[in-house]
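Welcome to this structure. Here are a few friendly notes to read alongside it.

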Amino acid sequence: MAEVATLKTPAETALADLFARSKSLLPGDARSREDAFHRFAEKGLPHRRVEEWKYTDLRALMREVAPLAEKPSEADVARALSVESVFAAAAPATIAFVDGHLATADAMPAGVTAVPLAEALAEGHPLLAKLGAVTDAEGNAAYALNAAFMTDGVVLHVTGAVEGRVALRFVTACARPAATATRVLVVVEPDAAISLLETHESAHGVAHQPNSVVEFVVGDRAKVAHVRLDANGDKALALSTITAHLGAEVAFGTRNVVAGSAVSRHQVWMTFAGADSHGAVRGATMLSGDQHADTTLVVDHLATGCESRELFKHAIDGRGTGVFQGRINVAPAAQKTDGKMMSAAVLLSEEGTMMNKPELEIFADDVQCAHGATCGQLDDDLLFYLMARGLPRPEAEALLIESFLGEAVEEGLDDELVGEALMGIVEAWLKARG
Amino acid sequence: MLEIKNLVAEIEGKRILDGLTLTVNDGETAAIMGPNGSGKSTLSYIIAGKEDYEILDGEILLDGENILEMEAFERAAAGVFLAFQYPLEIPGVATMTFLKAALNAQRRAREETELTTPEFMKAVQEAAARLEIPRDMLKRALNVGFSGGEKKRMEILQMALLQPRMCILDETDSGLDIDALRVVSEGVNALKSDKRAFLVITHYQRLLNYIVPDTVHVMANGRIMRSGGKELALELEASGYADYKAQEAA
C-alpha cells in the first residue's frame, strides 16, 4: 500500500505491521478498517508541528507500540473484576470489559438494549450506520486508529427514560503492555433519557495503551448525563474520544475526571445540529509526578438558540503538565447561540506546567460567547486564613484544592452518589499528595 | 498571658513595627487605638503568624512561650485567635465543613479527642443562636455572599467554637451597623473570662462603649506611645491623634 510508505517512525511502521496482521482477525467489514487506517497512515502519528497536537506530541510519546490485548481467560476476568468499582455504591447496571473484550454484562434496565460491538460488527447491525455522525473527528489520528483496530465495545440503544444508571467498566489487566481499542455507540431516541457512567482502570507499572471512543447520537428532547473516570495505571498512555451529535431541545452533559495515566489525551467533539439544546462539557484533572493530561474540545454550533457550557479545572503538582485546547465554532445559521468556556488551573509546585488555548470562531452576529483561562497558585491569604484557624498547611491546601476542583466535579451533577464517588477520588488524590 | 517585647518588623524593607512592647494579662481586655498606618493590623497579623513580615528583633510570648517560632496553625492550637478585619470568602468550602475541620484540627494538635458530628452540630447551633446567625447562612460557602455584618458575626462564631485563650479583634466594628455592633459585642462579652484575654484594635472609641476595655494603648509609628485606662479612649475621641502624629513627625 503506497500510503504505508509515507510512515516513518518505528512506531508508525509497527502500527502498520500490527494492522496488517490483525485486520483479518478483527470483527466486521475489513474495508472500513482499511479506510480508517489509511486516514491515519496518510499523516502518521501527530507531532508538535500539527497544531491540534502541539502540546501533546504523540509521535514522541508513543515510541513503542503495544500489541493488541488478547481475549482474557475466565480466571483473568474474575481477577480483574474482583476490585470493587468506584461507582459500586451507585449500583449501576454494569457492562464490564477486560483487556478490551466484553467480559460480563448485567441485565439492562427497561428502556435500553445493549448489543456487544463485536457481534454488531459481525452481523452488520443497522445502528452502526450512525457511527461517525460527527464527521470532523474522522481524520483525527486517535479516532482513526480506534476505527481501524476497534475490537469490542457495545451499542446501546436508548428508547425510553432509563431508571437508574448504566455503567461501562473498562479494565486492562494483562501483565504485559497491551493496546486496546474499544468503541461504544449510544443511540438515544427522541424523548429518551440515560445516565451513563464510564470508568477506565489498569494496573500500575504496565505501559498499556487504551484507545476508547464513545459516540452519542442524541434525538430530540432526549437527556444524557455521562460521567467518565480515567483511573488508569501510572504508565498508561490513554487516548479517548467522545463525540456527541445533538438533536433539538436536548440536554446533554459529559464530564471527565482524570486521576490516572502517565499520558492522557481526551478529545470531545460536541455538535449542536438541532435548535434550543443545552450541552455541557466539564472536566477535572489531577496531576502529579510526570503526568501529562490533554483535554481537547471542539464545540460546533450549527443550529439556533443552543447553549453550551464548558468548565475545566486542573490541579497540577510535581512536574505534571496540563493541556486545555477548546474551540467553540458558531456557524452563520447558529443565531442566539450562548456559549461559555472556562479553563482554570492551579499549579501546586514550581515545576508544573499548564497550557491553555481557548478559541472562539463566530460567524453569526447575534450570539453571546465568552471564554476564559486562568493559571495560578493557591491564594496565600486564603491559606493564612485557614491556618490561622488551626488547619495545618497540607489540610488547608487540601480544602482549597478540593473546593477548586469540586466545581468541575460536582456542578450540574444531579446525582449525589456519583458526586460522592468522584469527590472520593479527589480526596484520595489529595491524601496521596500528603 | 501575652507579652510582646521590643518587636521590630519590616515588610519589603519598610519598617512597620519599631520596638513595640505590650503586655496583656489573663482576663484583661486591652484596646489598641491609633491612626491609619500606625501598624495596628500588622501587629495582629504578626501575632497570628502571617509569613509576609520579617521579624528583626523582639519576641512574642504566650504564657511564657515564644510563639514567633510557631506556624500559624500551631499558634491557633496554642490559643491565639485573630478575628479578621476583612474575613475572606472561600467559594466551594462549606461553612460547616470548615468549622468542623478547624475545630478538630486544633483538638488533634492539643491531643484532645475529636468532636462527634452530633456534638459538633450542637455546639455550632448554640453559638449561632446567640449570635443571631440563621441556619441557612451555615449551609452556604464560607463567607461567600455574606454582608459585612454577617462576616463579622461568623468570625465571632468561630471564636466561640474554638474557645481561644488570646483573642485579637482587628477593627471588628468596621462595616457594622449599630444593631450588628451590639450583637457582635454581646457575642464577645459573653466569652470574657478570667482565663481569656482580648486585644481589641480599633480606630474609634465607639466599639469600646460595647466592649469595655481595662486598658487602652495608643499606637503610632510602630510602637505604643501611651497607655492608660478606659478614659484614655474618651480623651482620644475628643482630641484626635494629632499629638501622636506630631510626635511621629518629630
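1. A term to begin with: two residues are in contact if their C-beta atoms, placed from the backbone, lie within 7 Å. On that basis, 16 residues of chain A are in contact with 22 residues of chain B. This is a predicted model, in which local features need pLDDT of at least 70, side-chain atom pairs count only at pLDDT 80 or more, and totals for chains, interfaces and linings use all residues. Residues are numbered from 1 along each chain as its sequence is written, while chains are lettered from A and ligands numbered from 1 in the order in which they are written.

2. On the side of chain A that touches chain B, two or more residues come from helix H7 (380–387) and from helix H8 (393–410) of chain A. Helices here are DSSP runs of H or I, at least four residues, numbered from the N terminus. H8(A) gives the most to this side, with 6 residues.

3. Now look at helix H1 (residues 40–48) of chain B, where 8 of the 9 residues are buried (20 or more other C-beta atoms within 10 Å of the residue's own, all placed from the backbone). Among them are Leu43(B), Tyr45(B) and Ile46(B). Just after H1(B), Gly49(B) has a positive phi of about 105°.

4. Which residues touch the most other members of the largest nonpolar core? They are Val186(A), Val188(A), Val218(A) and Ile168(B), in a core of 222 residues. Such a core is a set of buried Ala, Val, Leu, Ile, Met, Phe, Trp, Tyr and Cys residues joined through C-beta atoms within 7 Å.

Definitions and conventions
A residue is buried if 20 or more other C-beta atoms lie within 10 Å of its own, exposed if 12 or fewer, and partly exposed in between; C-beta atoms are placed from the backbone.
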